Amino acid sequence: MSDQPPDFAMQRAVEILASIYERNQKLQNAPPPPADKPILMFSEKLALDVNATSRKDVEKQLGIAFKYPAPGWHTYGVRGRDGERLLLSLFYSKQQLASAELYLPKVDRAPKLEPQDAHFRFVPGEIEVGMQITALPEHFGRMAGMPTRLGPYEEMFEARFPGGAAYAIGNAGIIERLALYTLRD
């Protein structure tokens, strides 16, 4: 290798390749356009909306919850699409729903709550735990720049909507967790 600086053409080619790489990275990290209406965690028994549902609304339909997995979380057993037992964990801020998560229990210490006759899924889109990730609608985008592994999960997709965000999280191409979070202050 010589001590001479690279020629102008080679230096320019490197600059062009670097700018293409940077532009692609920015595109990969750009979320898809937001949905125009809220995404709900829905069952025929109750529609969970992080912009409107109160704790009183939930307890009227589902009863008093089990305190799990951490202080402030309220968890119920519910049925999945194939009748499997799922957990529905809710978090409130000022008695208003701030977060809802529907998931397959992954730890032995998870409570063995009797599933209620309530089948929750995201609407619009009828997105359920157990579905193929490839069935997600176009307003869900892969979360770029995430760690290779997200705890017990490999893949995470996000959709934004007015006042909130929805996540579909899974492994081996299968959705194992659905989560809604409010984006209000």
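In this predicted model, E59 has a relative accessibility of 24% and therefore counts as partly exposed. E59 forms a salt bridge with R55, in which the closest N and O atoms are 2.9 Å apart, and both residues belong to helix α2, where four residues, or about one turn of the helix, separate them.

The whole structure contains eight salt bridges, among them one between the side chains of R121 and E44, with an N to O distance of 2.7 Å. This pair connects distant parts of the chain, since R121 lies in strand β8 and E44 in the loop between β1 and β2, 77 residues apart. R121 counts as buried because its relative accessibility is 7%, whereas E44, at 61%, counts as exposed. A salt bridge of 2.7 Å, N to O, also joins R121 to E126, a residue that is partly exposed with a relative accessible area of 41%. Through shared partners, salt bridges join E44, R121 and E126 into one network.

R121 is also among the contacts of E128, which include H119, R81, I175 and L178 when neighbours within four places in sequence are left aside. E128 is located in the loop between β8 and β9 and counts as buried, at 13% relative accessibility, and its side chain makes a polar contact of 2.5 Å with that of H119.

The largest nonpolar core comprises 35 residues, of which M41, L48, F120 and F140 touch the most other members. Strand β5 gives the most to this core, with four residues. Beyond its neighbours within four places in sequence, L48 is in contact with residues including M41, V58, L88, F120 and L180. A second, separate core has six residues, including A165, Y167, I169 and A179.

Methods: Residues numbered from 1 in each chain as written. Predicted model: local features only at pLDDT ≥ 70, side-chain atom pairs only at ≥ 80, totals over all residues. Heavy atoms only, no water. Helix = DSSP H or I, 4+ residues; strand = E, 2+ residues; numbered from the N terminus. Buried < 20%, exposed > 50% of the residue type's maximum accessible area, 1.4 Å probe, protein only. Polar contact = N/O pair within 3.5 Å; in protein donor to acceptor, adjacent residues only side chain to side chain. Contact = heavy atoms within 4.5 Å. Core = buried A, V, L, I, M, F, W, Y, C linked by side-chain atoms within 4.5 Å. Salt bridge = Lys/Arg side-chain N within 4 Å of Asp/Glu carboxyl O.
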